[in-house]
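Student: I'd like to learn how to read helix packing. Can we go through a case together?

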Amino acid sequence: MSLRISGMGWVTPLGSGVTAVWERMLAQEQPTAESITSSINQRSYRAFRVRAAALAAAPAHPRLRRSSAISRFAVVAGLAALDDAGVQLDAESASRTAVIFAVSNGGVVYTKRFYHEVVESGAQAASPLLFPETVFNAPASHLAAILGITGTTYTLVGDGAVGLLAIKMAEDLMLNPELDRCLVVGSEETDWLLCDAYARWRLLREAPPIEPFSHPARGTILSEGAGALLLSRNGAEVIQTVDAGCNFESRRDAAECVNQILAHLGASNDDLIIASANGTFIDAAEEMAVRQQCPAAPVYAPKACLGESVGARALWQVICAVQVLRTRQLPAPSESGLAPSFDRAIVSTCGMNQQVAGLAITRSH
């Protein structure tokens, strides 16, 4: 079946709210990179963080008092998607709503604190209050509790493609006529430990900007936030096809995987490609695949504005695709010559940990 998008929510380093963030992207605004340090060693990293003002809409709920940043991002984005669709959940409507949470790295800050206490002072000294926030399904638990959902709730763990896999799962769940809607949320928080890991994998650059499709690839900058889609059987944007994709064994095989997905989605020169290019090996893979399948198709990579958010990034790409279809505007320099009169967009996600997926979306008439 083909699902539709009835609501969206966005929490990013450029702020929150789909319209507000989109206007900043159209104005070519860039988030400010923050320096992150640690007592572990003297090395510091630059990352795009979510500002406190972006979470002003967070409810005063007991579940959020000690929750990790990733949970707060997810709750704000999820509630915004429901509000965007004009949906207010009561006991009956909540029972007909599913939640799928997409995550890559989990609550890194709390995990680091918990294990640091174990190493420093022994297991008996580690606070049990920290541990619940270290598990991957903590944000889904908080979100479901705040919404009053006691039924269908799932957490998917993956890399940058996990958001599209969550949409594919939503498509399967919505075959059940007892469900009216599915809230899909992808969220990410960033921390020194996470930056250090990606730096050791030689995927980060020392400072902005991110330069998609640059030769040679110069690396990416990690960011944080959340994206949320309320999927239902009603809505102006139709998800035509979700390709759950495949895994590539080595980086040189990534282009062929992306190529197969673009072919399956029927990508053509009339489509807009929303790419996951982030200044790493991913750029070359997507560039080669597009050259083979739809060489004249315009390509837009939102990572230059938003950073590499890993767990949230696929949903951010879908939100960008919807916004281009709705507004007929594209956050690209005027000298690019793009005339955004697109009726269909292809979202390509190639993860840094070997997952690839894709999605085709169109606006109903």
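Student: How are helix 6 and helix 11 oriented to each other: roughly parallel, roughly antiparallel, roughly perpendicular or oblique?

Tutor: First, a caveat: this is a predicted model, where local features need pLDDT of at least 70, side-chain atom pairs count only at pLDDT 80 or more, and totals for chains, interfaces and linings use all residues. Residues are numbered from 1 along each chain as its sequence is written, and side-chain values use heavy atoms, leaving out hydrogens and water.

Tutor: Now the idea: two packed helices are described by the angle between their axes and the distance between the axes. Here, helix 6 (residues 162–173) and helix 11 (residues 313–327) pack at about 75 degrees, axes 6 Å apart. They are therefore roughly perpendicular, a label for angles of 65 to 115 degrees.

Student: Which residues meet there?

Tutor: Contact means heavy atoms within 4.5 Å. G163, L164 and I167 of helix 6 meet A314, L315 and V318 of helix 11. Sorted by type, that contact has five nonpolar residues, one polar and no charged; Gly counts as polar in this scheme.

Student: Is helix 6 mostly covered or mostly uncovered?

Tutor: Buried means under 20% relative accessible area, with a 1.4 Å probe and protein chains only. Nine of the twelve residues in helix 6 are buried, among them M169, A170 and E171.

Definitions and conventions: Helix = DSSP H or I, 4+ residues; strand = E, 2+ residues; numbered from the N terminus. Expected span 1.5 Å × (residues − 1). Buried < 20%, exposed > 50% of the residue type's maximum accessible area, 1.4 Å probe, protein only. Axes fitted to C-alpha atoms, helices over the stretch in contact; angles between N-to-C directions. Parallel < 35°, antiparallel > 145°, perpendicular 65-115°, else oblique.
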